[in-house]
Amino acid sequence: MIFACQSGRLGNPMTNLIENIRGQVRCIVNNALISAIEKGELPDCEVNEIAVETPKEKEHGEFSTNIAMQLAKQVRKAPVKTAAILIANMDFTNTYISRAESAGPGFINFYLNSSWLYDTLEIISREREDYGKINIGHGKKVMVEFVSANPTGPLHMGNARGGALGDCIASVLNAAGYDVTREFYVNDAGNQIERFGISLEARYLQLLKGTDAIAFPEDGYQGEDIIDHMKNYIEQYGDKLLEADSEKRRKELVSYALPKNIERIRKGLEAYGIKYDVWFSEQSLYDSGELEETLKFLRDKDLVTEMDGAQWFKATEFGVEKDEVIIRNNGLPTYFASDIAYHRNKFYKRGFDWVINLLGADHHGHVARMKAAVSALGIDSSKLDIVIFQLVRLFKNGEVARMSKRTGRSISLDDLLEEVGRDAARFIFNTKASGSHLDFDLDLAVKQSNENPVYYVQYAHARICSMLRLIESEGISVPGAEDTDLSLLNAPEEMELIRKLAEFPDEIRISAQTLEPSRLTRYVTDVASLFHSFYNACRVKGEEESIMKARLVLVSATQIVIKNVLSILSISAPERM
RNA sequence: GUGCCUGUAGCUCAGCUGGAUAGAGCAACGGACUUCUAAUCCGUAGGCCGGGGGUUCGAAUCCCUCCAGGCACGCCA
């Protein structure tokens, strides 16, 4: 079934001009198809979606469609013929499209009137810091839970990648019109806290009675930070726990060290540019009874079975390979049990429409069972997205530097920020897609040279600021786009740059839909590159006034876009370098 | 052994839901500063898209299989 449709011209504020024009192309094709069918030039046919894509080659126009090839079978005509018939039936009135041509095996290419580029500049200068924002989220409540590292030690490189990724996913979704909550799940209960206590206690006793007095437990946390905690504790409180019974001693030591660790994590992440809306305590699920409620819910649904003295969640009923223990034979719930309660809380207690969790690749086994658990709770599991990011391999002095929390011999987030800096770290972690393994070259990241991509982008911004400063010092300010003759911008370098600026809202759209903010670092690098080319080809200051004004609008628009992208990535946009 | 991720230029990576002649940065080579910031620009060179089958108008992209690397298969998280 095909319906006629209409196409408007200028986008409203906060819209995606490219998407609008794509809509115009769809309408034109759609209407041409109806017209051709009515005239009997083509047989009646079914079209579910008219695909509009962007050709790689400039010669192929701004947009193209493969509709003629798609219809080949149905209409029993050579695609090239169908394309010709469609083109003959097209009406471009009131659109940005100037002409359409058939090319290659049957593509129809669309060429635009350059007014769309000038309209782009008007939109940017009107929307300013809002330019790029779209509203595909419609205020939907989404939670992004990320890092959620065990508070038993410092953050490492894996957390650093997860942090940069998660924070940027959250920002992108926010720019796409979602109501986003950033959350850190604090694992302050369960087995690892137990081990944390044992480790602290062992170091405490070793410090007071000598290293040989007590063996350090096999599965304890080896990190220096554990010893440091106990040195500080002893300095402050002496040996008052020496005679206490072990359980009480561990509890006391944990309640001493745990808040310090959490605070250190919070501060580290904040220095990294990450601010959470919620720090959610695992222990609170025990205290509030939600864990019990959740287990009861599952039992009532007959989704819990007993075996070998433990209780298992029947994950196999949801297509997972094996069932999972939720209550150990010692009676204690597993991490998985509280995670189920946690997700019940996210969806039911707090009403999130969409939940995104970031997990390192070493936890990917958790995905299937968590989705199964969510289904078991009666929630559509497509509302839970788990983004798995591949692990980080750290290179220093040309060789691999291993990271491991257990041995404590890792580069922490704090070290990273000190050595590399927040901007470079965040940029580099977002240059690769989450599914790609990431080699982090410390030596390169530290370099303040053209080998380091973050400076390339920041330099473009600083350069623009410098130009505007100089021009403004002569009493000239950036004119409004509406009272400038933008059609004077017709050099290839100018057109290319504007075209790229026009893509920004669509880049946000795709980044949000694919949960891949790494698109944005590439995008902003392209913007910077086209700007540098423009800079070398065209002068602004000293040009004839009308040209200078038009170029000032372009330069200012470029600055806005670079700044907006960097702001989403929480990377600074320096005004001088 | 089973499952997930990855394999594209010398290196690090893009390539959207299958589209037209596979891209970028770095490294290499050759050029451009009396001019708004040379942390820049312009140009050259560089490829069995891991191998092999299949699906179709059309495959780096989808399916199968094999090879290589990473990760996971616990009553840890």
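Predicted model: local features only at pLDDT ≥ 70, side-chain atom pairs only at ≥ 80, totals over all residues.
**Ground rules.** I kept in mind that local features need pLDDT of at least 70 and side-chain atom pairs count only at pLDDT 80 or more, while totals for chains, interfaces and linings use all residues. Residues are numbered from 1 along each chain as its sequence is written, chains are lettered from A and ligands numbered from 1 in the order in which they are written, and side-chain values use heavy atoms, with hydrogens and water left out.

**Entry 1, the whole chain.** I began with the overall extent: the C-alpha trace of chain A spans about 90 × 65 × 40 Å along its principal axes. I found 21 helices and 15 strands (DSSP runs numbered from the N terminus, helices being H or I with at least four residues and strands E with at least two). Of the 577 residues, 53% count as buried (under 20% relative accessible area; exposed is over 50%, partly exposed in between, with a 1.4 Å probe and protein chains only). Then I looked at contacts (heavy atoms within 4.5 Å): among those in chain A with a separation of 6 or more, 74% come from residues 24 or more positions apart.

Next I looked up the nonpolar cores (sets of buried Ala, Val, Leu, Ile, Met, Phe, Trp, Tyr and Cys residues joined through side-chain atoms within 4.5 Å). The largest has 131 residues, and Phe 110, Leu 173 and Phe 440 are among those with the most contacts inside it. Helix 21 (residues 545-568) gives the largest share of this core, 13 residues. Another core lies apart from it, with 33 residues, including Phe 280 and Phe 336. I went back to Phe 440 for its partners: beyond four places in sequence, it touches residues including Met 157, Arg 393, Leu 416 and Phe 429.

Which loop holds Tyr 131? I traced it to the one between helix 5 (115-127) and strand 5. Tyr 131 counts as buried, at 3% relative accessibility. Leaving aside neighbours within four places in sequence, its contacts include Ile 123, Leu 501, Phe 504 and Val 561. I also checked Ala 557: its C-alpha atom is separated by 9.6 Å from that of Tyr 131, though the two residues are 426 apart along the chain.

Val 147 has phi near 70° and is found in the loop between strand 5 (141-145) and helix 6 (157-175). Ser 570 has phi near 55° and sits in the segment after helix 21. Is Val 147 buried or exposed? Val 147 is buried, with a relative accessible area of 14%; Ser 570 is buried too, at 18%.

Beyond four places in sequence, Gln 192 touches Asn 150, Thr 152, Asn 187, Tyr 221 and Glu 282.

I followed an open sheet of four strands in the order 1-2-4-3, with antiparallel pairing (two strands pair if DSSP finds at least two bridges between them). Strand 1 (52-53) and strand 3 (97-103) stand at the edges with a single partner strand each, so one side of each is left without a neighbour in the sheet. Strand 1 pairs with strand 2 (residues 63-65) over two bridges, and I noted Ser 64 in strand 2 as the bridge partner of Glu 53.
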